[in-house]
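Trainee: Hi! Could you walk me through this one? I'd like to start with a helix.

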Amino acid sequence: MYDYVIIGAGIVGTNIARELSRYKANILVLEKENDAANHQTVANSAIIHSGHDPKENTLKAKLCVEGNILYETMEKELNIPILRTGAFVVAHDRNEEDMLDQLYQRALNNGVKEILFHDQSQAQQIEPNLADDITKVLSLPSTKVTYPWEVAFACLENAIHNGVTFKKNSRVTNIVKTEDFFNVEINDAEIIQTKSIISAAGIFSDQVAYLLEENVPYQIFPRKGEYFVLDRKAKGFINHVIYPLPTKKGKGVLIIPQVHGNILLGPTSQLQDEKDLLSNTRDGLNQIKNDLHTLAKNIPFNLIIRTFAGIRASSSYEDFYIQESKEFSNFFHVAGIDSPGLTAAPAIAKYLVNQLVDKHHLKENINFDPIRPKKTVFYKLNFEEQLALIKKDPRYGNLVCKCEKITETEIVEAIHGPLGNDTIKGIKKRARAGSGLCQGGYCEQTVLKIIARETNQPINKINYYGLNTPILVQETKVKP
Amino acid sequence: MKKDLVIIGGGAAGLAAALSANHPNIHILVIEREKSLGGILNQCIHNGFGLHVFKEELTGPEYADRYLEAFLKLNIEFLLDTTVVDVKKTDDFELTVTSYETGLFKINSKAVILSSGCYERTRGSIAIPGERPKGIMPAGSAQRYLNIDGYLVGKRIFILGSGDIGLIMARRMTLEGAKVLGVAEIMPYSNGLTRNIVQCLNDYDIPLYLSHTVTNVIGKERLEQITIQEVDSNFNPIEHTEKIFDVDTLLLSVGLVPDISLFDSLDFKRDPITKSAVVNQFYETSVSGLFICGNALHVHDLVDYVSIESEKAGKSAQNYILNDRKQSNHLHTIKFNENIRYIVPQLIDFEHLEANIDLSFRVSKKMEAAVFKIIQNGTEIMTKRAKNLAPAEMEKMSLKIDKLIDDSPITLLLEEVSL
């Protein structure tokens, strides 16, 4: 019997798992995919927003500003990468400058610190590639970027370290309330018993809720965002996150420097019916290119190495919906977590867990260790440090991904780590092999063979990502 | 470790360069990242190599073997499974090198030949719309899995791009029992050699859809279906021309790019068309002592030309080391008209006119008949007639230095003529 089952191992579920592991409780995290952090968490802008944008007096505003500050602690405790970019919101004429003033006021009301204006020449001096017709910018120094799925992995690894159980490939197919607890059915087979359920199921949260509730108090409206990824060579083209003025549809198409030197361009904002249709469209990609000209000039579109799309779990409730079920006690909704969900995630976790502590009289877990050890990123070390590591482990000498300079040891650690994975994309998410210019064209076959060797599987059993996605489908040579 | 010449990449280009640079007074080191020398030739098990150099048809591994045998006889030092991770230039080059066997170490070298080949353009770089399932990969990766590892990556294949690797793989996968449903090419003409269209597609009844591109990809985890559409002259898809194919694999043969990012830290002049360095007739870049040849300089369609070019680069490096030959300031860019996409070398060093200069170039469009003219100082100093020109086939012309009338810049004109 579990005290808590958390449904969904995205940025929200993993933060809740970690926060809850500060208390004495038996906790299980369920994830339907073959890996944690696989929907919104792996396809978003990676921005830790300052909190200038959400409407005043909403949970979004409160938890965004709090979350932004909590990332400072998380950086130290979980050793996650953070790049302090700051951000500019840009205006092009008097009308937009008035809107910028309103945004300034909103940011102040939301409690955003250190905000200021730059005129055209100051802004151009700081960011020479800003579009020439930008007349004024609102500077948000507390805006930063992170590596979203690494944050989710770090939270989950730390939660596991503090006693949480994680089960992947576990889709919740039914929930039945008995007198004192819930029976959670996984993959139409196994039944798990738990006293409480926390649903952090992202775009599928309304469907999960309908397994139990008659009337789910919100509906999820999937809203797709498409992106371009620029190669690391684009680093320095723009150093701040650049926002246009927000509209009803969202924050608009942005320029977003990333922690590893890449730059993201996007997202679009398109409502769609399907929850899992992550397709790029010609129109969407063209829209990004068109919209960006109001933000910057000399955009190095020739350095595009990838496109992707993500789905925001926007809801009819409009604000984050973090409440106990009105029909079933001890079923907790954490839903409608679209932007600024990544930013707010640690604050969402605290907000929810504080309620649970009160309601369930949770006792502190005195053995809680907030530290998730630092991962070795070999290429960032100096020559002497690298030599010392190679002396201990010669596999550091074997460079596997030459675009991103990833060594064999880092790949082996990604396979065997506390949240290890044995798929090509799983290793890419953890060790970044294949994230560069050639997109794995060179290293994929090496990674595949290392996975096979480390997990004692034949190479044709190694999956791209999902459970039945082998890269090699048929042997052609007759074995002697 | 101190060397006179480090050659980065032990494929067709690196081996040929090593052979010609070899000299009793020059200490050469070849660095190869794979476990064997020969480079991409090792996975090119089809024939058609060597017609120019050896006057016979060899397979890729056979062609590599010819060079390898000669190379091994010379006892030139080489490192396998070794990667160059960093390069700095002061007077000499300082290379940081790593391998499992040796760990990390530094090499100083007077000169460097970069013969690191090219990489394949990917789905991301051409932004194919649709979902992102497993089953979409560069044709060269599929070739490696098939010819080196012995596995097919799929059973029902569509190929985007009519580059030579794509055409070769259409035949190769068919022979292994896969069904290749077609090849789509966005241009109105093929990007591969004519002989490959005939021998790899026509002979196996594989349709080639010219002026078509992939406009949608369907499949959550595994590729299930693709859509191709005809494109107009601006490459925009034309409505109602959709054709749908149920496939498990989409191979991409959409271009190769010289792989020189290792040298990004060195500030040398670049050619935006070849996406590699600007070089003079010695294949030397604007960084003194840095030579580039083979597919790392510009993408070739015939390995024979890689070997010929790389031998010259090797000779130049030898000359640089033994005779301390330095680039002069007397460099002129070779100009050309719009019918030509690029020329290599881009520069001629007029102070060192030692031998006839091989001009390699590609034309911008298909032409049935044309005349090449080399103009200097308003005078036509050389002409050559040519038939059946296509962007897919590299053109060569030797600039005879005894025809030069002075040291003013030269211009290459390509004029289309009627048959």
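Mentor: Happy to! First a definition: the expected span of a helix is 1.5 Å times one less than its number of residues. Keep in mind that this is a predicted model.

Trainee: Okay, so what should helix α7 of chain B span?

Mentor: Helix α7(B) covers residues 303-323, which is 21 residues, so at 1.5 Å a residue the span should be 30 Å. Its end C-alpha atoms are 30 Å apart, which agrees.

Trainee: Nice. Which residue comes just after α7(B) with a positive phi?

Mentor: That is B:Asp324, with a phi of about 55°.

Trainee: Switching to sheets. What is the strand order in the open sheet of chain B?

Mentor: The order is β15-β16-β17, three strands with antiparallel pairing. β15 (212-218) and β17 (243-246) of chain B each have a single partner strand, so they stand at the edges and one side of each has no neighbour in the sheet. From one strand to the next, the twist averages 25°.

Trainee: How many bridges join β16 to β17 there?

Mentor: Four bridges join β16(B), residues 225-230, to β17(B). If you want a pair to look for, B:Ile228 stands opposite B:Lys243 of β17(B).

Trainee: Back to helices, but in chain A. At what angle do α10 and α12 cross?

Mentor: The axes of α10(A), residues 408-416, and α12(A), residues 444-455, cross at roughly 50° and come within 10 Å. That angle makes α10(A) oblique to α12(A).

Trainee: Is that crossing left-handed or right-handed? And which residues make the contact?

Mentor: The crossing of α10(A) and α12(A) is right-handed. On α10(A) the contact uses A:Glu408, A:Ile411, A:Val412, A:Ile415 and A:His416, and on α12(A) it uses A:Val447, A:Ile450, A:Ile451, A:Glu454 and A:Thr455. By class, six are nonpolar, two polar and two charged.

Trainee: Last topic: how many residues of chain B are in contact with chain A?

Mentor: There are 38 residues of chain B in contact with 44 residues of chain A. Elements giving two or more residues to chain B's side include β8 (103-114), α3 (123-126) and α4 (139-149). The largest share, five residues, comes from α4(B). By class, that side has 12 nonpolar, 14 polar and 12 charged residues.

Trainee: Which strand of chain A is joined to β11(B)?

Mentor: That's β23(A), residues 474-475, which runs antiparallel to β11(B) and is joined to it by two bridges. There, A:Gln474 stands opposite B:Leu152.

Definitions and conventions: Residues numbered from 1 in each chain as written. Chains lettered and ligands numbered in written order. Predicted model: local features only at pLDDT ≥ 70, side-chain atom pairs only at ≥ 80, totals over all residues. Contact = placed C-beta atoms within 7 Å. Nonpolar A, V, L, I, M, F, W, Y, C, P; charged D, E, K, R; others polar. Pairing = 2+ DSSP bridges. Axes fitted to C-alpha atoms, helices over the stretch in contact; angles between N-to-C directions. Parallel < 35°, antiparallel > 145°, perpendicular 65-115°, else oblique. Left-handed = near helix turned anticlockwise from the far one by under 90°.
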